[in-house]
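Work through the exercises below with the sequence and the model open. Each task is followed by its solution in steps.

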Amino acid sequence: IFAGVHLLVEAHNTVCQFIRLSPDEEGTVTDIGWRTTRIQTPNNATIIVPNKTITNGTLLNYDLPVLRVGTGIPILIGHGANIALVERICIEAAKAHPEVLPDAEPLLVADPGMTATHLQFRLVFQVEKQLGSGLIRSAILKTILQRFNEEQIPFPEIPGRR
């Protein structure tokens, strides 16, 4: 009961906010009661969590301080790839998606950069909210892969495979 009172008074997570308790426990808060909090997952299931679990654990609230979030897509290419062309393709794909926020320029950053088998970057951009960002990343990645195939951008080679 004290945990429920604490949650209601502190208001760190309120109804309609998207939170994550663990990789398997995330979704939109639908109700905060005296003893439990209900969370609707992206798969439309409901998680009922004891409030003491929330107050005693780590909670990631994607909606605080603002709804918008940064997200990214790992981009792996072969050593022989034209990096300038890869960057242009990735940035254009992100900018072309209607749900990527236009006031924050998408970036292609080395993450971690050069490895023994490939070059690895991360395309980073901002979207309005965490919920639904997976669909946005997926659509952008499909566009990138199509353009990589058209431009014959080499993908990493797997050692021992031909």
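**Exercise 1. Which residues of α4 are buried, and how are they arranged around the helix axis?**

Step 1. Take buried as under 20% relative accessible area, exposed as over 50% and partly exposed as in between (1.4 Å probe, protein chains only). The buried residues in α4 are Ser133, Ile136, Ile140, Ile144 and Phe148.

Step 2. Look down the axis of α4: the buried residues fall within an arc of 100°, so they line one face of the helix. The arc is that of the directions from the helix axis to the C-beta atoms.

Step 3. Turn to the other side of α4, where Leu135, Lys142, Asn149 and Glu150 are exposed.

Step 4. Find the cover, with contact meaning heavy atoms within 4.5 Å. The buried residues of α4 are covered by elements including β6, α3 and β8.

The model is predicted: local features need pLDDT of at least 70 and side-chain atom pairs count only at pLDDT 80 or more, while totals for chains, interfaces and linings use all residues. Residues are numbered from 1 along each chain as its sequence is written, and side-chain values use heavy atoms, with hydrogens and water left out.

**Exercise 2. In what order do the strands β6, β7 and β8 lie in their sheet, and which helices lie across them?**

Step 1. Count two strands as paired if DSSP finds at least two bridges between them. The three strands form an open sheet in the order β6-β8-β7, with antiparallel pairing.

Step 2. Identify the edges: β6 (69-77) and β7 (107-114) each pair on one side only. The twist from one strand to the next averages 25°.

Step 3. Follow the pairing of β6 with β8 (residues 119-127), which are joined by nine bridges. One partner to locate is Val124 in β8, bridged to Gly72.

Step 4. Helix α3 (residues 83-96) lies across β6, β7 and β8 at about 25° to β8, and α4 lies across β6 and β8 at about 30° to β6.

**Exercise 3. How many aromatic pairs are there, and what is their geometry?**

Step 1. Rings of Phe, Tyr and Trp (its six-membered ring) pair if their centres lie within 6.5 Å; planes under 30 degrees apart count as stacked, over 60 as edge-to-face and the rest as tilted. The count is two pairs.

Step 2. Phe18 and Tyr62 have ring centres 5.5 Å apart and planes at 50°, so this pair is tilted. Phe18 is in strand β1 and Tyr62 in the loop between β5 and β6, 44 residues apart.

Step 3. Phe148 and Phe155 have ring centres 6.1 Å apart and planes at 55°, so this pair is also tilted. Phe148 is buried at 2% relative accessibility, whereas Phe155 is partly exposed at 33%.

Terms used. Helix = DSSP H or I, 4+ residues; strand = E, 2+ residues; numbered from the N terminus. Axes fitted to C-alpha atoms, helices over the stretch in contact; angles between N-to-C directions.
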